[in-house]
Amino acid sequence: MKHEFLLLSLLFLLPGGVVWLARPDLRALMKRMALASLPFAATERLFYPEYWTPKFLFDLADRIGFGVEDVLFLAGLSAFSSTAYAVVFRRAPVPCSPPADRPWLRLDRPWLRAARPWLRAARPWLRAAAAIASALAAARALLAAGVPVLYAAVAAMMAVAAALLAARGDLLVPTVLGALLSAAVYLGLCLVFAALVPGVFARTWRPSVLLPGRALLGVPLDEILYGLGAGFASTVFPAWAFEFRYAKAARVPSAPRAG
C-alpha cells in the first residue's frame, strides 16, 4: 500500500468517533485535546526519516516537515488517550471549584472588570501552552543529549506529566489507568493496521535502538511505549490545565417506550 500512514491515521480516528457519539459529555474535552495536539504535528520532522519512512500525501513531510496524516493521527490519538479512563470507568470531567472562588479572578479595579471574561477563558489555555512548551523543550534537550527521538518524546511527555501530578496528586490513579488503557487501544489499532497491511512494520519502521527486535504480537514495543506515554500525559494534562476532576458520570436517561 502506498499511503500506510494515512490508513493508520484514519484507523486512529475511529475510537474517538465512537466516544464522540456515545459520550456527548466528553466532546468538549476531545475538542480541547485535538487543538492542544496540533503543535506536535510539527515534530514529525524529528521522526522522519530517522524513526520511520512512510509515504506522505503530496510529499508534505519532505516539503514542510509534516503532513495531513500527522494532524489526523494526533487528533485521533488525543481523543482516545484523553478519554479512555473516563469511558471505561464511567467518569466525567467536573470543575474542581467555582471560578469565582479563585483569587486570581478577583479583579476589582474598574479598568480590569471588562477583561474578566477574557482572562477566565484565556488562563487555562495559557497553562496548557506552558505545559506543551515544556514538553517540546524537554524533548529537544534530550535529543541534543543524544537520546533517540521516540524515547526522547516519551520521556518528555512522562516528565511533564509527572510534574503535573506533583501538583494534582488526586489524578495519580486516573493517569496510570488511562496510560494502560491507551496503550491497549494503541496496540489493538496497530494489530488491525498490521492485518490490513501485512509486513508494514518491518518495511516502514526502522529497527529499534533500545528495544531491538522486541515486539508484542508483531507490533514494535516502541510503538506501544509511545501509546503508554500518550495516555499518561493526556489523562493528567487536560485535568490540570482546565482544572477539572473525574467524577462518576450520570447515567443517560433512556427514551420512554411507545405505548
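Val154 counts as buried, at 7% relative accessibility, where buried means under 20% relative accessible area, exposed over 50% and partly exposed in between (1.4 Å probe, protein chains only). This is a predicted model, in which local features need pLDDT of at least 70 and side-chain atom pairs count only at pLDDT 80 or more, while totals for chains, interfaces and linings use all residues. Residues are numbered from 1 along each chain as its sequence is written, and side-chain values use heavy atoms, with hydrogens and water left out.

**Around Val154**
- Val154 sits in helix α8 (residues 149–167); helices (H or I, at least four residues) and strands (E, at least two) are DSSP runs, numbered from the N terminus.
- Leaving aside residues up to four places away in sequence, Val154 touches Leu225, Tyr226 and Gly229, contact meaning heavy atoms within 4.5 Å.
- Ala139 is 15 residues from Val154 along the chain, and their C-alpha atoms are separated by 8.3 Å.

**Around Glu243**
- You will find Glu243 in the loop between α11 (221–241) and β4 (244–248).
- Glu243 is buried too, with a relative accessible area of 16%.
- The side chains of Glu243 and Arg123 make a polar contact (3.1 Å); such a contact is a pair of N or O atoms within 3.5 Å, and within protein one must be able to donate a hydrogen and the other to accept it, with residues adjacent in sequence counting only if both atoms are side-chain atoms.

**Leu38**
- Leu38 belongs to the loop between α2 (27–37) and α3 (44–47).
- With 40% relative accessibility, Leu38 is partly exposed.
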